[in-house]
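Here are some notes to read with the structure open beside you. Take the points one at a time, and find each residue on screen as you go.

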Amino acid sequence: MTSALTLPNGSQLASPWPEAPSGSHPLPFELDHLLALRVPGLIATRRHIHSHPELSGEEFETAALIARELSLAGLRPRLLPKGNGVICDIDGRPDGPVVALRADIDALPLADVKDVPYRSTVNGVCHACGHDVHTTIMLGVGMLLAQLAELGELPGRVRLIFQPAEEILPCGSLEVIEAGGLDDVVQIFALHCDPNLPVGKIGLRVGPITAAADNVTVRLGGPGGHTARPHLTVDLVDALGRLITEVPALVSRRVPANSGLLLVFGHASAGTRYNVIPSEACASGTLRVMDRDTWELAPKIVAQVVRDVVAPTGATVDLEYLRGRPPVSNDSRAIQILTAATVAAFGPEGVAETPQSMGGEDFSWYLEYVPGALARLGVGRSGPNVDLHRASFDADERAIPAGVRLMVQTALRALAAAQ
């Protein structure tokens, strides 16, 4: 790969990294100068990761790259038991608190359609959710905080978590927790790319900022038969059609409207021939809900509605309801820290109110154990923005040094507040 310390030949930043905005505060011990020197290398690292994406659970080369870069900064990273994630402590004052910062590192099973030099080289896989940006930001944070620790100016320990498998179930956050990733941690923070915000804006919210997200798979069965005589068998294509059109609407009628429940089927299949009624059919999708109490009731509600809708067709039903993740609910004190860090990094104008999203995020599982918060990082580019999880998504690379400044400020403020 290209060294993470040099920008690839012929590469240019999407736009120049601006001076610190008016009203912001410099990082201590001239870390802003060090960051400026590191920006070309961080951009090169991001582009390498973007060009070499790895699917959830298979992030072995990405984890190895992360470990190498952290080792070059004088740190001692350790791989997760499967070798596809990294935990790295930056040791400051030994009697100080432990604050964790998390980045997810996996890519999505989508073809990269962008015409850029760092386009994915892996067929059908690309970083369409910005995890390459999250990873690169955290590497930059590690480099700067390692410098502070070397100077004896880090008032505690900062744990960097590079987490696999955020995009699938079971969640990679649970692997990290099982491996001791939250041991002794008093607070945890994370960023997530938001193409709806420009660089220098940080979306903050107390309480729920994402929705709960579960996976639903329904398999239908019947004897099969001839399309000329559907009355002699079970018409599974008809049953499947009823399932995918009626169930989502009926489920939403069983819960309060303000719970924001949304069931959407993203895959449906049945049959192989135009004149053969199939013996198997399947539909799978996601159930998302903003309200934690409704999330607890959702599996029972979905099971009952699916059976009620399918029963008149005569098809057999096999329902697989896979629990995903609860809503990310931001702790108010953690948001106070992030707000102060945002003002320090970008000035007061950097703070942006953000609504609760219907997207799911397994950062929520960390918050079941320790308080913390997730912020939305502005990565919007000039021109029409492309949403996350689309094959043409890209981020304004100025968001990388912006994210580094924010997370360094966050870590230092969190350590100070926990003394």
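How many of the nine residues of β16 are buried? Keep in mind as you look that this is a predicted model.

1. **The enclosed strand.** Nine of the nine residues of β16 are buried, so the rest of the structure largely encloses this strand. Buried here means under 20% relative accessible area. In a regular strand, side chains alternate between the two faces of the sheet. You can follow both faces of β16: Gly 372, Leu 374, Arg 376, Gly 378 and Gly 380 lie on one side, while Ala 373, Ala 375, Leu 377 and Val 379 lie on the other, and all of them are buried.

2. **The partners of β16.** Strands of a sheet pair through backbone hydrogen bonds, either parallel or antiparallel. Strand β5 (residues 185-198) pairs with β16 in the parallel sense, over eight bridges. One place to look is Cys 193, whose bridge partner in β16 is Leu 377. Strand β6 (residues 202-204) pairs with strand β16 (residues 372-380) in the antiparallel sense, over two bridges. Here Gly 203 stands opposite Arg 376, and Ile 202 stands opposite Leu 377.

3. Strand β2 (residues 86-91) pairs with β4 in the antiparallel sense over six bridges, and Cys 88 stands opposite Leu 160 in β4. β3 runs parallel to β4, and seven bridges join them. Ala 100 stands opposite Arg 159 in β4.

4. In soluble globular proteins, nonpolar side chains tend to be buried together. The largest nonpolar core in this model has 63 residues, and Val 141, Leu 145 and Phe 162 touch the most other members. Helix α9 (residues 399-417) gives the largest share of this core, eleven residues. A second, separate core has 53 residues, including Val 98, Ala 212, Val 251 and Tyr 366.

5. **The annotated site.** The "binding site" annotation comes from an unreviewed UniProt entry and covers Cys 129, His 131, Glu 167, His 192 and His 389. These residues are spread over 261 residues of sequence, yet they cluster in space, with a largest C-alpha distance of 13.0 Å. From this set, Cys 129, Glu 167, His 192 and His 389 are in the lining of the largest pocket.

6. Cys 129 sits in the loop between β3 (98-104) and α3 (131-150). Is Cys 129 buried or exposed? Its relative accessible area is 6%, so Cys 129 counts as buried.

7. **Glu 167 up close.** Glu 167 is found in the loop between β4 (157-163) and α4 (172-178). With a relative accessible area of 22%, Glu 167 is partly exposed. Leaving aside neighbours within four places in sequence, Glu 167 is in contact with residues including Ser 56, Asp 106, Cys 129, Arg 325 and His 389. A polar contact of 3.5 Å joins the side chains of Glu 167 and His 131.

8. To finish, find Thr 294 in helix α6 (residues 292-310). Thr 294 counts as buried because its relative accessibility is 6%. Leaving aside neighbours within four places in sequence, Thr 294 is in contact with Val 255, Pro 256, Ser 259, Leu 261 and Val 289.

Methods. Residues numbered from 1 in each chain as written. Predicted model: local features only at pLDDT ≥ 70, side-chain atom pairs only at ≥ 80, totals over all residues. Heavy atoms only, no water. UniProt positions renumbered as here; feature names shortened; annotations may be inferred. 1 Å grid on protein atoms, 1.4 Å probe; cavity = no way out; pocket = protein on both sides within 12 Å on 5 of 7 lines; lining within 4 Å. Helix = DSSP H or I, 4+ residues; strand = E, 2+ residues; numbered from the N terminus. Buried < 20%, exposed > 50% of the residue type's maximum accessible area, 1.4 Å probe, protein only. Contact = heavy atoms within 4.5 Å. Polar contact = N/O pair within 3.5 Å; in protein donor to acceptor, adjacent residues only side chain to side chain. Core = buried A, V, L, I, M, F, W, Y, C linked by side-chain atoms within 4.5 Å. Pairing = 2+ DSSP bridges.
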